[in-house]
Amino acid sequence: MHCLGKSCTLFVIFLLTDVSFTHGGNVLVLPGEYSHWHNMRNIVEELLNRNHSVTVLVSSASPSVNFTAQERFPFLVFDVPLKAHEVHSVSEQLINIWMQYPTPSMVTIGLQIVDLAGKVNEFQRIVCDSMLRNDALIARLRDLKFDVLLYDPMFICSDLLAEILDLPLVLSLRFSLGFSMERMCGQMPSPPSYVPVPPTVMTDHMCFTERVKNIIIYVVYSVGFRLASMTLDNYYSEILGKPTTMCETMGKADIWLIRTYWDFEYPRPILPNFKFVGGLHCKPAKPLSKELEKFVQSSGDHGIVVFSLGSMINNLTIERSNIIASALGQIPQKVVWRYSGKTPESLAPNTKIFDWIPQNDLLGHPKTKAFITHGGTNGLYEAIYHGVPMVGLPLFADQPDNLMHMKTKGAAVVLDINTMKSKDLEEALKTVLNNPSYKESIMRLSRIHHDQPMKPLDQAVYWIEFVMRNKGAKHLRVQAHDLSWYQYHCLDVAAFLLAIVALITFLFIKTCSFFFRKCFRKTRPAGKAQKNKKE
């Protein structure tokens, strides 16, 4: 009987375990590129760990998603009449625009970006057509019976696919230029009085002139976003066969996963369906390779500095690399530098160059004292996670704004990579290494990051599972999605109230005028009669 009881218990456990396997969700993923994909695949891996099925839908022209690799999940590849190097060249052109030296005016940069945006839009349209007008692909996706679609808006028409397949939608985003998508499609409040428009490199403590600048840029980005989305609105209406807009379709997203957190962000209002999951890719450091560990240990008590400008910047000009190498040679720490360009002539013995480095593992090493970074979100969060102060060399896009957050919070010194001298970088490094306030500040941010009721990755996966369990999360979407812009800002109410006030004022003036004339006419003849009598 005792053995029988044990058998029954094991059988019940097996049944429960089996139920958990058979009731896993089926997730369709449309990834972004480059670091966006590296970040998103952490969510994919965790979904697989929790017995969900995941399919990654990717175009044959993807420049950074290696869909030929053997993975735990299947890739579903659709053909497009483009080559990966063509798509990658657009990214390189954008980087070259931002990294021009001497730096041209903002107007010139804006015009160059607008010109490049035309090519980006053309490529996006080709990829979207290859996916959305592919009847065989759509039929196959329907047959696979997905429960939710997870996507990065770097791929603009993923929300259209969710609409066609009638799937709940979860969106993964760092931020869009000027919060345009979040503000205008997600309806997230962004008061310009204290929410700086990225990438303006301002803080939430703005003086009068900064608030003027912030509001002007706020309006410019809003108008620019409206104008840019007009052609997409026509495309969206054409694909769905009914009048719609990009913002209307994107605004149907059930959950917005924002890849930052309050260790990084300035305090601001958020909506119930916006979930902050910054640092979801961060994890404890793993042991280094023998060669790298030997070099790190050779640093003694001085420790090491980790230097990386991200996955998209592999080399610099000879002049820049020599300036940097010369500065690195002036500090007592050993330096691990991710760099694949020509070896600088001024490279010092304390600096070792690698084509690739295990950045997270190095930042988590107890001998790491500082991190020289371009300010990408993934690298910043690894530094926050492990408590490593930074020297920032921002290059383009959101990086100057990211590092302004770190500078404001006392965790970084920021330099201009194009204009800095060797002495500037040397002094910045010595400041971060020798001034304990930088270490204290980054440790405070690290404590905030770790002091959460749920780990960022667990929270991201929880909300995806929540959407699958509840067939969406429409109850978290604010009513603002159904209001026009003038209703949202209560301009119709203001116009009505002003009309009432104007009417009351008009009637009051007319009434006063009427009684004034009445009284004046009555007293005037009596006065005249008295005058005549005296005569």
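Mentor: A cavity here is a set of grid points where a 1.4 Å probe fits but cannot get out, and a volume is the space filled by probe spheres set on the points. Please keep in mind that this is a predicted model.

Trainee: How many cavities of 30 Å³ or more does the structure hold?

Mentor: There are two of that size.

Trainee: Which residues lie nearest the centre of the largest cavity?

Mentor: Those are Phe-179, Pro-196, Glu-265, Tyr-266 and His-405, from a lining of 13 residues. By class, that lining comprises eight nonpolar, one polar and four charged residues.

Trainee: And what lines the second largest cavity?

Mentor: Its lining includes Phe-179 and Glu-265, along with Arg-174, Glu-182 and Arg-268. The division there is five nonpolar, no polar and four charged.

Trainee: Changing topic: how many residues does the largest nonpolar core have?

Mentor: It has 80, and Leu-57, Met-131 and Leu-161 make the most contacts inside it. Helix α4, residues 106-132, gives the most to this core, with seven residues.

Trainee: What is Leu-57 in contact with, leaving aside neighbours within four places in sequence?

Mentor: Among its partners are Met-131 and Leu-161, as well as Leu-28, Pro-31, Phe-78 and Leu-141. A second, separate core has 31 residues, including Val-54, Phe-75, Val-170 and Leu-280.

Note on methods
Residues numbered from 1 in each chain as written. Predicted model: local features only at pLDDT ≥ 70, side-chain atom pairs only at ≥ 80, totals over all residues. Heavy atoms only, no water. 1 Å grid on protein atoms, 1.4 Å probe; cavity = no way out; pocket = protein on both sides within 12 Å on 5 of 7 lines; lining within 4 Å. Nonpolar A, V, L, I, M, F, W, Y, C, P; charged D, E, K, R; others polar. Core = buried A, V, L, I, M, F, W, Y, C linked by side-chain atoms within 4.5 Å. Buried < 20%, exposed > 50% of the residue type's maximum accessible area, 1.4 Å probe, protein only. Helix = DSSP H or I, 4+ residues; strand = E, 2+ residues; numbered from the N terminus. Contact = heavy atoms within 4.5 Å.
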